[in-house]
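Please take a look at the chain on the screen, and I will walk you through it piece by piece.

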Amino acid sequence: MKELELMHVYKDYKLAGKEKYTALSDINVSFEKGELVSIIGESGSGKSTLMNLIGGLDSDYQGIINIGGKDLKNFKDKQLDDYRKKKIGFVFQSFNLIPHLSVLDNVTIPLTLSNIKESEKNEKAIKILTQLGLKEHIKKKPTQLSGGQKQRVAIARALINDPDIILADEPTGALDSSTTIQILDILKDIADDGKLVIMVTHSEKVAKISSRIVEISDGKIIRDEKNKNYTKNNDKHLLDTNNMIENKDKKEGHLSFISALKLSFHNMWASKTKNFLMALGVSISLIAMIIMLSFGSGLTSYISTLAEDYSNPYYVTISKSGKDKDGNPIEENQDPASMFIPKMFEENEINEIITDLNNYLETQNNDFRITTEGDNQNITYGFSMMTMTSGTISYDPQTGNPEDIKTSSIMYTYTTPPYYDDHNLITETGHMSGENEIMLSSAILKLLDIEDPEEIIGKQVTLNINLTVSNTQIIINKDVTISAIVDVSAFSSMMVMYVDYDFLNNCVKEAQQNASLEPTGLNPSLLFIHTDSEETTDLLNYYIENNRKDLSGSIEEELSSMFSEMMSTFSIALAIISGISLIVALIMITVVLYMSVSERTREIGVLKSIGARKKDIKLIFSTESLLIGILSGITGIIFSAIIGGILALIFNSLLGFAPINMLWYYFVGALFISIIISVLAGLYPSSKAAKLDPVESLRHE
């Protein structure tokens, strides 16, 4: 019965311009099962073109190629893939084995494309390879085999799916004479067992062992005759395909993700140096991103922690922000000199704030109320101002030499917050300041040439401050005693003077009297509310931040917020730089994968000839890019952890603390980003690979 029939088949190739070249002209021929057919002819006669049409590698023709009652020309891509996978087995002159796969994997790859179980496909492959005398070579790579062994592996691959038709393109062209006889005997056995074997050959010697010879010249069949001397091998065959292949129903499965991963891993391992270097290049961007984010987080966390150490969760600190309630800057505060003028509260403003906050707490069903009455008073006053150019401290070491007197500027004058206590002192001796006493930050000591803080405790200094109170400038000049040195930690580099609010108020009244002014005293620029719980503190801070733009927090909170904003901006800038480097990495992966497609064009042609779909080719290359992403991410995480650890040790030894906070989600994010950019980078190369023409791919050198 007819297995294959070609009727009036024409094949034209388009040349430059509108010209065309006719490769096949009015081909009419049919083939039956059990035939061993040799198609002969000179180079360029159309032999290979005819084989490509029969094999479903090229469906652009005129006429009819009838297979199972259907014309190949009308097959959709999926049907052509299935046709090549199930009906056709290719044997090539140059073997076309995939070099980075073992002999066993080369043979089983058609079954891998059909998603056959590992155990089942290996069993079938070993059975075929054993009959072909290759059992001892199944773990070898093609480069370790002789030409005849390679061709037998190619035959085993062609037979593994139990096809109906074997197409052999110059199957002995690259073999010596003795090996040629062995390969021809195998092909003869395959035909004698009932399969249609079609060989394309130049060799008359090869043609003579065939059951039929079809000669082509200039695209036309000029001879079609049977070999009268052909006899079947009735004795024991060199290759018994009936015992070798179990005739089970051919399965409809397709390449699975797991199988694609295994293939991709083999492909990557074959070029492990190149792939590792590519992964290392991508990981450098990830390392930079992780380290930069960790620095930003570490510094922000460090500053926030220090600010929290010098605040109290049961206190709300309020100051004027220099804006109105809508958040618009107040004009009088636009003058740069205004930063040296304290923004003080009038009594009516304090009462309004208390009423406003109490009303809010009531709406939130919170029982706490701010009050100024008697023993229940929970609001106290404070004062702060920048005195960089108008405040000084002079210290006389009492040597009798005027040149020994040291003077230091005061950056901030700050009344002692009610939540400060002895734990804020950095000396064993000393106490919180009271009447005629002040406390200093350690930065001032350096300007006074004091090395040991204990040395100045109890010593007298001269305080000189210019204050603007009620639009009137007054001067405080007073001898005071140093009661303690205060640890302001993150702000210890700032020259801060702490003073008791009542004492400072008395100094202002005294200065007003000396200037013949009404002794009105000092209005507060800070309000301290002692709450009953952290929940109340959070409620009040939330309301102030979101509803009273004219108010802000304490100096510590403001400085912490300022530093946090700076670090946040810095982190974003670093992240943007990292993002640019990741884009460069994406382009690099795209280029490398595109070059890989070019290098593996013939391999892609082989996969398509054994039935790989476009989806399968895409999946293989996409999983490779996925593996590159995973490898890059893991490499980046490992090196980031190592570098981060080294930096932490260095900073700890130099600074006593490590401003680097490597959060777990930075690593997870880096891995995720690495995978995303790698998969994106693989989209174009994988699509390009899937669209390659199988005929052109197989010709690629």
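Predicted model: local features only at pLDDT ≥ 70, side-chain atom pairs only at ≥ 80, totals over all residues.

Val 9 stands opposite Ile 27 in β2, and that pair belongs to an antiparallel arrangement in which nine bridges join strand β1, residues 2–14, to strand β2, residues 20–32. The two strands form a hairpin with five residues between them, and in the turn Gly 17 has a positive phi of about 75 degrees. Residues are numbered from 1 along each chain as its sequence is written, and side-chain values use heavy atoms, with hydrogens and water left out.

Let me move to the sheets. Six strands make up an open sheet of mixed pairing, in the order β6-β7-β8-β3-β9-β10. Its edges are β6 (88–92) and β10 (220–226), each of which has a single partner strand, so one side of each is left without a neighbour in the sheet. On average, and with direction ignored, neighbouring strands of this sheet are turned by 15 degrees against each other; axes here are lines fitted to C-alpha atoms, for helices over the stretch in contact, and angles run from 0 to 180 degrees between N-to-C directions. Strand β9, residues 212–217, runs antiparallel to β10 and is joined to β10 by six bridges, and Ile 216 has Ile 221 in β10 as its bridge partner.

Helix α5, residues 147–159, packs on this sheet, where α5 touches β6 and β7 and makes about 170 degrees with the direction of β6. Helix α1, residues 47–54, lies across β3, β6, β7, β8 and β9, and runs at about 150 degrees to β7. Is Asn 52 buried or exposed? Asn 52, which is found in helix α1, is buried, with a relative accessible area of 9%, where buried means under 20%, exposed over 50% and partly exposed in between, using a 1.4 Å probe and protein chains only. Leaving aside residues up to four places away in sequence, Asn 52 touches Leu 57, Asp 58, Val 695 and Arg 699, a contact being heavy atoms within 4.5 Å.

Four bridges pair β12 with strand β21, residues 526–530, in the antiparallel sense, and Tyr 381 stands opposite Leu 527 in β21.

To finish, the chain as a whole. The chain has 20 helices and 22 strands, and buried residues make up 50% of its 701 residues. Along the principal axes, the C-alpha trace spans about 140 × 50 × 50 Å. Among contacts with a separation of 6 or more, 78% come from residues 24 or more positions apart.

Methods. Pairing = 2+ DSSP bridges.
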